[in-house]
Amino acid sequence: MSKIGVFICHCGENISATVDVERVAREIGGMEGVAHAIDYKYMCSDPGQTFIKEAVKKYDLDGVVVGACSPRMHEPTFRRACAEAGLNPYLCEMANLREHCSWVHEKGEETTEKAIDLVKMLVEKVKKNNPLESIKVPVTKRALVIGGGIAGIQASLDIANTGHKVILIERDPSIGGHMSQLSETFPTLDCSQCILTPRMVEVAQHPNIKLYTYAELESLEGFIGNFTAKIRLKAKSVNYSTCTGCGACIQKCPVKKIPSEFNAGLGTRTAIYVPFPQAVPNKPVIDRVNCNYYKRGACKICEKTCQVGSIEWDKEDEIISEEVGAVVLATGFDVKGTDFFPEYGYGKYKDVLTGLQFERLASASGPTFGEIRRPSDGAIPKKIVFIACAGSRDPAKGIPYCSKICCMYTAKHAMLYQHKVHDGESTVFYMDIRAGGKNYEEFVRRAIEEDTVNYVRGRVARVYEKNGKLIVKGVDTLLGGEQVEIEADMVVLATAGVANCGSEQLAQKLHVSYDPYHFFAEAHPKLKPVETNTAGIFLAGACQAPKDIPETVGMASGAAVKVAALFSNNELVREPIIAVVNRLAPPLYSTCVGCFMCETACPYNAIEHEEIKARDGSLIRTIARVNSGLCQGCGTCVAFCRSKSIDIQGYTNEQVYAEVMSLLND
Amino acid sequence: MEKLRERAAAILADGTVSLVIGYEEGTKRPRPLFCHDGESARKLIFDSRCFHNLAVYLTKKELVGNGRFAVTATISTLRSIMQLYVENQLSEDKLLILTVDLSGTLREFVTFDEISAYVEQFELKRSEREQAILTRIEGMTREERWNFWQEEMSHCFKCYACRSACPLCYCTKCVVEVNRPQWINPWPAPVANMEWHINRAMHMVGRCTACGACGDACPVGIPIDLITRKMMEDMAPEFGYIPGLPVKKGNALSTWKLDDREQFIR
Ligand SMILES: Cc1cc2nc3c(=O)[nH]c(=O)nc-3n(C[C@H](O)[C@H](O)[C@H](O)COP(=O)(O)OP(=O)(O)OC[C@H]3O[C@@H](n4cnc5c(N)ncnc54)[C@H](O)[C@@H]3O)c2cc1C
Ligand code: SF4
Ligand code: SF4
Ligand code: SF4
Ligand code: SF4
């Protein structure tokens, strides 16, 4: 028969004020299989724990139930005490008499009876408990960072500076992301490139960082501490080990009219190109879609110009494999184009721009060398209208959320314009101004008060072109909905920040969740903002939701610390609360029939196929096996297995059944 | 039919397969026939009276052995075969399908894609009997329905003929035999019967291909096939697929995809 010890805690008065703890101990003491039951003021205190340890030895207990607070609070405490007394820690369970009983009920007979029931359930469960061993998994101390925007750059540097190796992959030919496209940054108006470029160079030169540009993740397999990443290195057509980055090929390339991605379509680039002068690495790639040679089979002018013979026409994409222990996702965001807005001309008016395009106009490295000029005729606009919340906060457009950065960069844009065009007139249409952040409100006030930007609260219904002017029709809601019409030379839309293209597919490759807008989902909106619900994969920056640079950098450092903490262990110790598929003696081997419904149900891809083979190597059966590194113990598979072949260790069907029956049987 | 016999004898003779499962004339209706040689293949028949679902034998290792085998399949059998494939119970290299199409031509399928393409041409319709009972049940209130089934199931004496007849009941240990813990009481009694039947129904959602074999097998005539059939009819429009039709791995309830309809959730 079992010898269970039961310890009821008063929790000061937290429990004993409403529950008759002595009666609980007395009645439980009379249960079959209970060898010892007491109550005490503070079970978690030193003397309390000593009671448990001594009882384990004195009564040779084979199970312990502590009726106290939440196991979230003190399960580790009591399990450790049991372990110290020589009892397997997983033979110790807690009944939550505080959150589940005393705190939520009035003092009274029924409250005490509920407490008795709660303890009784656990006593019946513990009778069926088995000793378990915690699981140890080795950790590969190398991180994979996906995306080389400021988030990926910061995370890579922080991890690398803790002494661990980092593999950084960037889809584009250069790292830098959106920040490299910005002119000056709110709230201090410092030049974006000037603060970013040193970090980009640091990444390239850091001995612990291996940078792959023009590369994408092909697949990720494995689990926390033990991932295998397959990375596609897209063919650059240029041999980087010999290329000196002289740029002669770029000068000579005859295909010059390709819209430049870096300049958000406002400038052009060649087919062999470096996206921008400060690019890292500063070596070109050939855009095979637009290159004459790949299109028609003739040209090769770049090859003739190249002094060192670096052009590699027949280079193919290469897939490499890297072992990593953790992944940081930092793939950033994108902004909607002007073509998303029928009411603002569907992108057909040249002088209706996105905020990102305006950044390029205002940037010294941009197509106009920092002068604000109209794309249509190169004239300096004298009247400019900024429209905030273009797409954002508009459920009808499928974007009900706030893009967070637009209020701030719109104020910045208006300010930059006023600084550059002194006799210019700027108007901002806004829904309301969201300037939460250190020095942000002051920044907006400066735009309004010192730079005399005209802020109009209201929406713009329509923009259309008339005699070379853009007619902006809106309302001023502060003036009682009065119609406003402005003849502008340029209109800038603060278009909504959206998830990067391909983020959904990437999330599926990594088995991380995403929200309805395809931003990656954090594990907990408050307490786990940089974790995903897949262990070992972390988030940084705007791939989780639109955010500004300070927040992005903070998040990246947060993710880096999580990675460093993970890498501070040689092995991971995990609770053995995972699923197992039963194994039996031959000829059955298992009651599992290999239907693999569990495999399709498991949200963590933890179910594997195990082939049972005869001595001669012939296949007898294929049955399910749980990968203990991947399994999170959620129990979904258990509910799906028709033959009840899977159990969660520590929460087996038998244990839970015993708990429930203890309530039904009296 | 002659062609079918010839072909069966031929593939047995040249060793393509070691077994052909088909039908032969029985006392009241055709019964299953297991041919290991050309001699027995001469007894094979295949016509509209053959509705025993032979798919039930395909997962029985002791019957089909380790080699390749052939089966003469009706549309119902093919649906079951597709579902068994989805549940990883059959592989193409072990199976050869023989069937006779509407024009009387002998057809042979080797791959699941071929089977799927063929089955897809046939609509899954209620038979007259099914239509009659289901319309009656659909007209009942919730309470009347519960009473109807309770009354029907009170006759069940747990012979498990339904389970043996169902091609999808291939578990080596059925949940009714699990005794640690004993989820379902083993004796026939009103509550214990409901435990069994509710469990069976649950295990069939998204899997039952509505072959009707279970109902046909029940010695006391409980129309249990209609429970699973109705569940399938209710499920199909919501999840956008019919078990036994498209090649979709997993189960309506075990998988989630962005393009699932599942309109009842939103
Ligand atoms: C118009 C505008 C003005 C702004 N002005 C300011 C400002 O003044 N101050 C401020 O604080 N913030 C500003 N922001 C916000 C700022 O741009 C973002 O906070 C910042 O860029 C977020 O960095 P990130 O690294 O998360 O994303 P990103 O900058 O988007 O970088 C993501 C990187 O990941 C790469 N990538 C994407 N997908 C993959 C993939 N599958 N595989 C590999 N690599 C991939 C991309 O190529 C890119 O290099 C502005 C934003 C806009 C749109
Ligand atoms: S659901 Fe059950 S029977 Fe099917 S493969 Fe998984 S463990 Fe095996
Ligand atoms: S318990 Fe959850 S995570 Fe573990 S194998 Fe089962 S379904 Fe997968
Ligand atoms: S109708 Fe009956 S026998 Fe046929 S698949 Fe459905 S449950 Fe099984
Ligand atoms: S065949 Fe009929 S009597 Fe037998 S177990 Fe099934 S439902 Fe019950």
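I count helices (H or I, at least four residues) and strands (E, at least two) as DSSP runs, numbered from the N terminus. On that basis I get 18 helices and 34 strands for chain A.

**Ground rules**

I am working with a predicted model, where local features need pLDDT of at least 70 and side-chain atom pairs count only at pLDDT 80 or more, while totals for chains, interfaces and linings use all residues. Residues are numbered from 1 along each chain as its sequence is written, chains are lettered from A and ligands numbered from 1 in the order in which they are written, and side-chain values use heavy atoms, with hydrogens and water left out.

**Entry: chain A overall**

I looked up burial next, taking buried as under 20% relative accessible area, exposed as over 50% and partly exposed as in between (1.4 Å probe, protein chains only). Of the 666 residues in chain A, 53% are buried. For contacts I use heavy atoms within 4.5 Å. Among chain A contacts between residues at least 6 apart in sequence, 68% join residues at least 24 apart.

**Entry: the cores**

A nonpolar core here is a set of buried Ala, Val, Leu, Ile, Met, Phe, Trp, Tyr and Cys residues joined through side-chain atoms within 4.5 Å. The largest one has 130 residues, and those with the most contacts inside it include Leu144(A), Ile231(A), Phe358(A) and Leu510(A). Helix H12 (residues 406-420) of chain A gives this core its largest share, 8 residues. I also noted a second, separate core of 51 residues, with Val17(B), Cys50(B), Tyr118(B) and Phe122(B) in it.

Which residues does Ile231(A) touch? Setting aside residues up to four places away in sequence, I find Leu144(A), Ile167(A), Ile169(A) and Ala215(A) among them, as well as Glu216(A), Glu218(A), Glu318(A) and Glu322(A).

**Entry: two buried residues in chain A**

Ser192(A) sits in helix H7 (residues 192-205) and is buried, at 0% relative accessibility. Its side chain reaches the backbone oxygen of Met179(A) at 2.6 Å. That falls under my rule for a polar contact: a pair of N or O atoms within 3.5 Å, where within protein one must be able to donate a hydrogen and the other to accept it, and residues adjacent in sequence count only if both atoms are side-chain atoms. Beyond four places in sequence, Ser192(A) touches Met179(A), Leu182(A), Ser183(A), Glu184(A) and Thr185(A).

Cys302(A) belongs to helix H10 (residues 301-305) and is buried too, at 8%. Cys253(A) is 49 residues from Cys302(A) in sequence, yet their C-alpha atoms are 6.2 Å apart. Leaving out neighbours within four places, I see Cys302(A) in contact with Cys249(A), Ile272(A), Ile286(A), Ile311(A) and Trp313(A).

**Entry: salt bridges**

My rule asks for a side-chain nitrogen of Lys or Arg within 4 Å of a carboxyl oxygen of Asp or Glu. Over all chains it finds 56 salt bridges.

Lys397(A) pairs with Glu343(A), their closest N and O atoms being 3.1 Å apart. Lys397(A) lies in the loop between strand S21 (383-390) and H12, and Glu343(A) in the loop between strand S19 (333-335) and strand S20 (352-354), so this pair ties together parts of chain A that are 54 residues apart in sequence. Lys397(A) is partly exposed at 22%, and Glu343(A) is partly exposed at 23%.

Asp432(A) and Arg434(A) form a salt bridge at 3.5 Å; Asp432(A) is partly exposed at 28%, as is Arg434(A) at 37%.

In chain B, Arg42(B) meets Glu39(B) at 3.0 Å, N to O, and both residues are exposed. I also found a network of salt bridges linking Arg126(B), Glu130(B), Glu138(B), Arg229(B), Lys230(B), Glu233(B) and Asp234(B).

**Entry: where B meets A**

How many residues of each chain are in contact? I get 23 from chain B and 21 from chain A. Buried area is the accessible area (1.4 Å probe) that two parts lose on being put together, summed over both. Here it is about 2,000 Å², with carbon and sulfur atoms giving 62%. Thr172(B), Trp183(B) and Ser254(B) supply 24% of what chain B buries against chain A, more than any other three residues.

Across this interface I find 2 salt bridges and 9 residue pairs in polar contact, both residues at pLDDT 80 or more. Arg180(B) forms a salt bridge with Glu654(A), the closest N and O atoms being 3.2 Å apart.
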